[in-house]
Amino acid sequence: MSPSARRTGRPRSAEADRAILGATRAALVELGWAKLTLGDVAARAGVAKTTLYRRWASKCELVVDAVAAVFDEHLEAGDHGSLHADVEAAVIRLGALLERPETGTALMAVLAEAMHDESLRRRVRSAIVDRQKRLVAIGRERARLRGELPREEDPEASARNADLIFDAVAGTVLHRLMVSAEPVDPRWARDFTDLLLYGMAGADSDGAAAAGPAPDPAQKPAGSV
């Protein structure tokens with residue numbers, strides 16, 4: 001039997017996909033995660049519910065793809081002239097995205113479901129995490145070309161470092177907004193970028209070394225008499 005004879009159903013329509021993902025985002029804004037249903041999304045998109053079920057097995061999978069589309073549309077590795085400025089801008093942009101009504105709360109709900117669903121966890125990784133990690137690679141390569149970072153000769157080490165950077169930024173911003181319920185404002189973004197780039201005992205963004213506590217002049221050095 002030829003491949004064409006084995007193929008069943010209509011081919012996926014990119015236009016229908018865009019309409020469905022857009023309807024999902026609108027429903028998340030208006031109804032929130034808890035009240036969103038596939039039936040409501042289908043009605044908003046002007047498609048049959050069976051069309052949704054052919055593409056997405058569950059509400060969670062649909063929401064993952066809708067959130068991923070928002071990230072793809074709004075996150076970018078902008079060139080702001082320095083590594084510090086690039087990271088700071090990325091932190092602020094990510095914070096603003098997670099504060100949108102169709103992203104932050106929905107993402108947290110999906111992540112909670114993914115804790116017990118390995119296939120959903122893989123979908124989150126492939127649709128959101130892996131696609132956004134490319135921004136780390138772009139930013140690091142730009143910093144190397146500026147002479148701000150050394151070139152890494154070991155591809156495996158480079159990949160591990162990229163993972164650590166992504167986890168540090170995404171995890172901290174998500175915790176700041178969703179757990180601490182504090183804003184990702186310019187001052188916080190600057191302080192976090194200082195910590196990320198220069199470490200707990202490093203320099204600040206103005207190049208000044210971090211100062212420890214001043215020694216007590218009345219205290220004798222260890223070992224003295």
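Modeller: Helices (H or I, at least four residues) and strands (E, at least two) are DSSP runs, numbered from the N terminus. This is a predicted model, in which local features need pLDDT of at least 70 and side-chain atom pairs count only at pLDDT 80 or more, while totals for chains, interfaces and linings use all residues. Residues are numbered from 1 along each chain as its sequence is written, and side-chain values use heavy atoms, with hydrogens and water left out.

Colleague: How many helices and strands are there in the protein chain?
Modeller: From the N terminus on, the elements of the protein chain run α-α-α-α-α-α-α-α-α-α. The count is therefore 10 helices and 0 strands.

Colleague: What percentage of the residues in the protein chain is buried?
Modeller: Buried means under 20% relative accessible area, exposed over 50%, and partly exposed in between (1.4 Å probe, protein chains only). The protein chain has 225 residues, and the buried ones make up 35%.

Colleague: How far apart do the end C-alpha atoms of residues 37-56 lie?
Modeller: An unreviewed UniProt entry places the feature "DNA-binding region" at residues 37-56, where positions are given in the numbering used here, feature names are shortened, and annotations may be inferred rather than shown by experiment. In the predicted model this span is 75% helix and 0% strand, and its end C-alpha atoms are separated by 13 Å.

Colleague: Is Arg-146 buried or partly exposed?
Modeller: Arg-146 lies in helix 8 (residues 118-146). Because its relative accessibility is 28%, Arg-146 counts as partly exposed.

Colleague: Which residues are in contact with Arg-146, leaving aside its neighbours within four places in sequence?
Modeller: Contact means heavy atoms within 4.5 Å. Arg-146 and Leu-83 are 63 residues apart in sequence, yet their C-alpha atoms are 8.8 Å apart in space. With the sequence neighbours set aside, the contacts of Arg-146 are Asp-79, His-80, Gly-81, Ser-82, Leu-83 and Asp-86.

Colleague: Which residues does Ser-158 touch, not counting residues up to four places away in sequence?
Modeller: Ser-158 is part of helix 9 (residues 155-178). Its relative accessibility is 19%, so Ser-158 counts as buried. Beyond four places in sequence, Ser-158 touches Arg-140, Arg-144 and Glu-152.

Colleague: Is Ala-181 buried or exposed?
Modeller: Ala-181 is placed in the loop between helix 9 and helix 10. Its phi is near 55 degrees, a positive value in a residue other than glycine. Because its relative accessible area is 61%, Ala-181 is exposed.

Colleague: How many residues apart are Trp-188 and Phe-192?
Modeller: Trp-188 is buried because its relative accessibility is 15%, and Phe-192 is buried too, because its relative accessible area is 11%. An α-helix has 3.6 residues a turn, so residues three or four places apart point the same way. Trp-188 and Phe-192 both belong to helix 10 (residues 186-198), where about one turn separates them, a spacing of 4 residues.
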